[in-house]
Amino acid sequence: MKLNIDASWKPFLEAEFKKSYFKTLISCITSEYESHECFPPEEYIFSAFDYCKFDALKVVIIGQDPYHDKGQANGLCFSVPDGIAHPPSLINIFKEIKRDLNQSYPQSGNLKRWAEQGILLLNATLTVRAHQAGSHQKKGWESFTDAVIKSISDHKENVIFLLWGGFAKKKQKLIDRKKHHILTSGHPSPLSANRGYWFGNNHFSTSNTILISLRKKPITW
């Protein structure tokens, strides 16, 4: 398995690649891809790092697991390839953007356009077996992605972390609040959103307000 990670990340993650747990993880995931249908396609596993350069990083959005149905996962949390129907959580993300920023609902669910503006779309677990949600959890991915979050916290300043739902909120312990901006809300899944924990969080306009105050270019959501 190739580590398709942009060179800008390597100084901050190279030590992690050399750890025994990471070698065991890669061996395990390589075996999974050889013996089962898994998602995302192997060349997209590290897309979050490939599209978002470390130096350009402005915002981090944390998901949990890749989509586990065929054709959906593309290595970016909440994102699907062009032409693929929008999953429920992504629909609610786009509805909140429309409400918050008074802009039209987008046709494409491919969030590569966000990643290229400096948004790290990071799932805690980067792979999954087809049709088996959570099947690659607790194999080492969480240790790696926690190290990514901690490294961003340590080596960057004024990054905006968008933590949606209970799982993502637990990552606050990895982030230095004195250096960074943390926005939390309920998860955009229908279960949470329909109970009033998602809509109205204004995370998209708030993020842009913060970026403008830092004299950084706001995100075109």
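Leaving aside its neighbours within four places in sequence, which residues is E16 in contact with?

Modeller: Happy to. Once neighbours within four places in sequence are set aside, E16 is in contact with Y21, F22, S143, F144 and A147, where contact means heavy atoms within 4.5 Å. Before going on, please keep in mind that this is a predicted model, in which local features need pLDDT of at least 70 and side-chain atom pairs count only at pLDDT 80 or more, while totals for chains, interfaces and linings use all residues. Residues are numbered from 1 along each chain as its sequence is written, and side-chain values use heavy atoms, with hydrogens and water left out.

E16 belongs to helix α1; helices (H or I, at least four residues) and strands (E, at least two) are DSSP runs, numbered from the N terminus. E16 counts as buried because its relative accessibility is 12%; the cut-offs are under 20% relative accessible area for buried, over 50% for exposed and partly exposed in between, with a 1.4 Å probe and protein chains only. As a sense of scale, S108 is 92 residues from E16 along the chain, and their C-alpha atoms are separated by 34 Å.

Two packed helices are described by the angle between their axes and the distance between the axes. Here α1 (residues 10–17) packs on α6 (residues 141–155) at about 145°, with the axes 10 Å apart. Those axes are lines fitted to C-alpha atoms, for helices over the stretch in contact, and angles run from 0 to 180 degrees between N-to-C directions. On the α1 side, F12, L13, E16 and F17 take part, meeting S143, F144, A147, V148, S151 and H155 of α6. By class, this contact has 6 nonpolar, 3 polar and 1 charged residues. In that count, Ala, Val, Leu, Ile, Met, Phe, Trp, Tyr, Cys and Pro are nonpolar, Asp, Glu, Lys and Arg charged, and the others, Gly among them, polar.

From there, let us move to the sheet. It is an open one of 4 strands in the order β3-β2-β5-β6, with parallel pairing. Its edge strands are β3 (119–123) and β6, each pairing on one side only. On average, neighbouring strands are turned by 20° against each other, direction ignored. Two strands pair if DSSP finds at least two bridges between them. β5 is joined to β2 (residues 59–63) by 3 bridges in the parallel sense, with I61 and L162 as bridge partners. Towards β6 (residues 181–185), 5 bridges join the parallel strands; F161 is partnered by I182, and L163 by T184.

Since 5 of the 5 residues of β5 (residues 160–164) are buried, this strand is largely enclosed by the rest of the structure. In a regular strand the side chains alternate between the two faces of the sheet. In β5, I160, L162 and W164 point one way and F161 and L163 the other, and all are buried.

Helix α9 lies across β5 and β6, running at about 165° to β5. I212 sits in α9 and is exposed because its relative accessibility is 52%. I212 and E14 are 198 residues apart in sequence, with 32 Å between their C-alpha atoms.

Helix α4 (residues 88–101) has 14 residues and should span 20 Å at 1.5 Å a residue, which agrees with its end C-alpha atoms being 20 Å apart; the expected span is 1.5 Å times one less than the number of residues. Just after α4, N102 takes a positive phi of about 55°.

Two loop residues complete the picture. S189, in the loop between β6 and α8, is buried, with a relative accessible area of 19%. Apart from neighbours within four places in sequence, S189 is in contact with S89 and N92. N194 is in the loop between α8 (190–193) and α9 (203–213); N194 is exposed at 63% relative accessible area. N194 is 102 residues from N92 in sequence, and 9.7 Å from N92 in space, C-alpha to C-alpha.
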